[in-house]
Amino acid sequence: MNKGTLFIVSGPSGCGKGTILAEVLKNDNIYYSISATTRDPRPGETDGVNYHFLTKEKFEELIDGNGMLEYASYCGNYYGTPRKPVEDMLAQGKHVILEIEVQGALKVMEKCPEAVSVFILPPSMKELRRRLNKRGTETEDVIERRLEQAGNEIRQADKYDYVMINGDLDDAVRDLMSIIKAQELKKENSEYLINEVLYNA
């Protein structure tokens with residue numbers, strides 16, 4: 001059995017990452033990496049589904065033991081990606097999708113050079129503004145800050161292996177699945193397939 005591949009997926013808030021991934025994750029061979037945090041669960045959140053909710057002491061133990069692929073501190077709480085669940089799933093031959101912001105993604109790329117990185121763009125900044133406004137959950141000031149942050153993130157898209165646009169959902173899902181399929185067919189990942197043909201007489 002071939003080892004799975006770690007896919008790093010980034011894109012600005014409002015670009016539709018979550019909607020695309022919800023479709024892609026219907027595939028049984030793809031696992032979504034769940035982040036860990038030291039903040040308290042919000043109403044409706046479940047441990048192991050939304051986040052792994054850890055104590056500060058446990059999180060710092062993982063940091064000291066090289067148990068986090070990446071982590072950051074934000075508003076007095078830690079957020080990060082536990083290493084073990086990712087490595088366990090990869091060893092089982094499952095692909096792992098890590099949805100993460102750019103700074104964390106760059107850290108993971110450094111630690112895991114074999115990972116495949118994908119940046120999802122909105123069709124335009126005008127369309128991104130429209131999508132953020134459509135949510136109806138944020139003030140104009142917050143939207144302006146999100147757009148400024150989006151511009152900063154998009155300028156780093158050239159550091160990713162693949163860059164795709166989410167204009168039409170079906171097309172975007174096909175694009176991401178095509179990237180995953182192309183990775184499966186690379187010669188580095190085809191030893192199992194080659195041996196199956198050679199020795200299945």
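This is a predicted model: local features need pLDDT of at least 70, side-chain atom pairs count only at pLDDT 80 or more; totals for chains, interfaces and linings use all residues.
Colleague: Which residues are buried in helix 5?
Modeller: Helix 5 covers residues 125–135, and Glu127, Leu128, Arg131 and Leu132 are buried there.

Colleague: Why do they line one face of the helix?
Modeller: Seen down the axis of helix 5, the buried residues fall within an arc of 140°, so they line one face. As background, an α-helix has 3.6 residues a turn, so residues three or four places apart point the same way.

Colleague: What covers the buried residues of helix 5?
Modeller: The cover includes helix 6, residues 140–154.

Colleague: New topic. How much space lies in the second largest pocket?
Modeller: About 300 Å³.

Colleague: Which residues are the closest to its centre?
Modeller: The second largest pocket is lined by 16 residues, and Asn2, His95, Glu184, Asn189 and Tyr192 are the closest to the centre.

Colleague: Which elements give two or more residues to that lining?
Modeller: Helix 7 (169–185) and helix 8 (191–199) do. Helix 7 gives the most, with four residues.

Colleague: How many of the lining residues are nonpolar, polar or charged?
Modeller: In the lining of the second largest pocket, four are nonpolar, nine are polar and three are charged.

Technical notes
Residues are numbered from 1 along each chain as its sequence is written. Side-chain values use heavy atoms; hydrogens and water are left out. Buried means under 20% relative accessible area, exposed over 50%, partly exposed in between (1.4 Å probe, protein chains only). The arc is that of the directions from the helix axis to the C-beta atoms. Contact means heavy atoms within 4.5 Å. On a 1 Å grid over the protein atoms alone, a cavity is a set of points where a 1.4 Å probe fits but cannot get out, and a pocket is an open set with protein on both sides within 12 Å along at least five of seven lines; lining residues have an atom within 4 Å of a point. Grid points are joined across faces, edges and corners, and a volume is the space filled by probe spheres set on the points. Ala, Val, Leu, Ile, Met, Phe, Trp, Tyr, Cys and Pro count as nonpolar, Asp, Glu, Lys and Arg as charged, and the others, Gly among them, as polar.
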